[in-house]
Structure formats: C-alpha cells, structure tokens
Amino acid sequence: MKLFRNSRGISIILLLSVLTLLVAILSMNVGKMNLSPLEVLKVITGEGTSKQNLIVFEFRLPRIVLSVLVGIGMGISGCIMQSLLKNDMASPGTLGISSGSGLFVLLYITLFASEGLLSPIILPGLAFAGGLTAAFLIFMFAFRRGRDISPTGLILTGVAMGSGYSALSLLLTLRLDKQQYDFALRWQAGDLWGDDWNYIMVLLPWVLAICFYVFYRSNTLNTLNLGNQTASGLGVAIKREFIGLTIAAVALASGSVALGGNFFFVGMVSPHLARRLVGPNHKLLLPTTALVGSLVILIADTLTRTISFGADIPTGIIITILVTPYFLYLLSKAS
C-alpha cells in the first residue's frame, strides 16, 4: 500500500512538472506580441531574430522564472507553517509574516530608494529581517508560560499583527511621490515587479538553498506531525527543529514577497491542494506544493498578460479572484 501511494505521488509530481513546463512554454508564446511555437523554438536554438530574442530572454523568460521561484517560496513556506502548527489556515499571510516583510521593504522605499537604489541584494535581506521580526513578535505575544502555544491563538495573533503592519504600511505610502506610490500599490496587490535577471540571480540561490535544507528535514517534519510527545520520544529536538524550520519558512516567504509582492493566498492554498493530491508525507508533499504554487502564479500571470482587462492588473488580484472560493471552502470546513 505504501509503495502504491509513493508511486502515485511520484506520478502526480511528474504530471505537475510536465504541466508546469507546458504552461511556461505557452506563456512564452502569448502576450501583447504573440510568438508562434516555432519562433520560440528558433530563439531557444539561437536562430531567432534580435526582436524575438528580446521578447523571450528579456521580457518573458525572466517573468516565468520569477513566477516559478515565488510560487516555490510561498508554497513551501506555507507548507512548513501548516505542518509545524498543524493547522490548514496557517500561511505567511495569515500569520502576518508577509505584512512584516512588506513593511520593511516599504520603509526602505520611503527612506532610501531613489532611482537606481532598489538593490537586488538589500531588498530580500530587509524583507527577511522584517519577516523574522514579525515572527518573533507574533510568537512572543502568543506565548503563555507553562503551556504549549495554541495554533489558533498564534494565527489570531498573526492576523491582528498583520492588520497593524498593513496600517503602518498605508501610513508610509502617504509619504511617497506618485511613482513610488504606484509601485507600492502594485507591489502590495501582488505584482511580479522583480522580473530582471539581476534580481532573479539573487533570489534563485536563496530559494534553492533553503528548499534543499527543508527537503533534507522532510523526515523531521513527518515525525513532528505525529505530535510533540511522540516526536520527542523518537529523539527529535523539537525546539531546535521548530526554530530552524520557522526561520526557513520566513526566509522563503520574505524573499518571495520582496520581489513578487504579497501573494496572500498562494502560501495557504498550495499546501492544502498538494496534501489532497499526495497525502501528508513531506517527501512527496514539499515538491508537490512547490509545483502547485508555481502553477497557480504562472497561470495567473499568463492570464494577465494575455487577456485585456482594460487596465494593467497585478497578478495577485487574478490569484485572489481564482482562489477565493476555495478559501471560503476552507473557512467553512474549519468552522
């Protein structure tokens, strides 16, 4: 039975990988300037025109790679949080981590970022510092001496803190000039603005290195799912693993938020969908979550670039429209 489940899970991962590749190829073909599959193939083989090379390598491919990285980061971050807290509603958004990261990024934009100062290195670092600060404050306010932290209490604290961060972020946006204000507004709505190879080459090793660590700890996550007492009896250093995995989740969410904006629902819905597909085994759940998160953002971004909505709509708004019904379904189950 276990072999069957593993085989089914591997098949689903392969199917999602192929589907992600097909959506990425489709995304390279469509947009305001359509390219045929043959033209894209010529570009890939080095036979494309300078105009075709510009469209694929400088506009579409960086955006596709960024979509995949942000989807992986937000999805796996949400998966870690849901597993550690044993609550399907946990995510970087509901815990206020994304809002904390966003506040620090907005502080940087407000105080320092004139043209040319949106550093690809400084932004993820600041977002990580903001996310880590938010996580520390949330755990501190939810902590009760002599008692285990309640996942529900932690999420409610995160929602309250997130509302406070959002209010401070709104206050900061009032100090921005028009160009900075437009950037901040789109970024808060979930805009894949960092689609530049300089930014991507910073985010890529960031995401890959942390994902490698999380995959390496997949057995630990499986053991923690059995309950703290059982995990402790099996020799797991619960506090150390909890802190290490929490920092990894914050780092993944913060890097994604810094360059892709606040994709609130991706970190919550992707792990839940993945769990329905492959079950709770993190060796299968983590890669499936990464692929589902990537697919959600890729499909939404392709729609925003293909369909005319009468305005330049941020990708995050399309994602919100697509997954809100499922979010309401989760809420109805949780109540």
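Which residues lie nearest the centre of the second largest pocket, and how many residues line it?

Mentor: Two quick notes first. This is a predicted model, where local features need pLDDT of at least 70 and side-chain atom pairs count only at pLDDT 80 or more, while totals for chains, interfaces and linings use all residues. Residues are numbered from 1 along each chain as its sequence is written, and side-chain values use heavy atoms, with hydrogens and water left out.

Now your pocket. It is lined by 23 residues, and Lys32, Arg63, Thr304, Arg305 and Asp312 lie nearest its centre. The search runs on a 1 Å grid over the protein atoms alone: a pocket is an open set of points with protein on both sides within 12 Å along at least five of seven lines, a cavity is a set of points where a 1.4 Å probe fits but cannot get out, and lining residues have an atom within 4 Å of a point. The second largest pocket holds about 510 Å³ of space, a volume being the space filled by probe spheres set on the points, which are joined across faces, edges and corners. Helices α3 and α13 each supply at least two residues of its lining, and α3 gives the most, with 4 residues. (Helices are DSSP runs of H or I with at least four residues, numbered from the N terminus.)

Stay with Arg63, one of the residues nearest the pocket's centre. Side chains of opposite charge can pair when their charged atoms come close. We call it a salt bridge when a side-chain nitrogen of Lys or Arg is within 4 Å of a carboxyl oxygen of Asp or Glu. Arg63 makes one with Asp195, with the closest N and O atoms 3.3 Å apart. That bridge links distant parts of the chain: Arg63 is in helix α3 and Asp195 in the loop between α7 and α8, 132 residues apart. Arg63 counts as buried at 14% relative accessibility, whereas Asp195 is partly exposed at 23%. (Buried is under 20% relative accessible area, exposed is over 50% and partly exposed is in between, using a 1.4 Å probe and protein chains only.)

Arg63 also bridges to Asp301, and here the closest N and O atoms are 2.8 Å apart. Again distant parts of the chain are linked, with Asp301 in helix α13 (residues 282–306) and Arg63 in helix α3, 238 residues apart. Both Asp301 and Arg63 are buried. The whole structure holds 8 salt bridges.

The largest cavity has a volume of about 110 Å³. Its lining has 14 residues, and Met81, Leu85, Leu95, Phe139 and Thr246 are the closest to its centre. Helices α3, α5 and α11 each supply at least two residues of that lining.

The structure holds 4 aromatic pairs. The ring centres of Phe139 and Phe242 are 5.7 Å apart and the planes are at 85°, so this pair is edge-to-face. Phe139 belongs to helix α5 (residues 122–142) and Phe242 to helix α11 (residues 238–260), 103 residues apart. (Rings of Phe, Tyr and Trp, taking the six-membered ring of Trp, pair if their centres lie within 6.5 Å; planes under 30 degrees apart are stacked, over 60 edge-to-face and the rest tilted.) Phe139 is partly exposed at 22% relative accessible area, and Phe242 is partly exposed at 24%.
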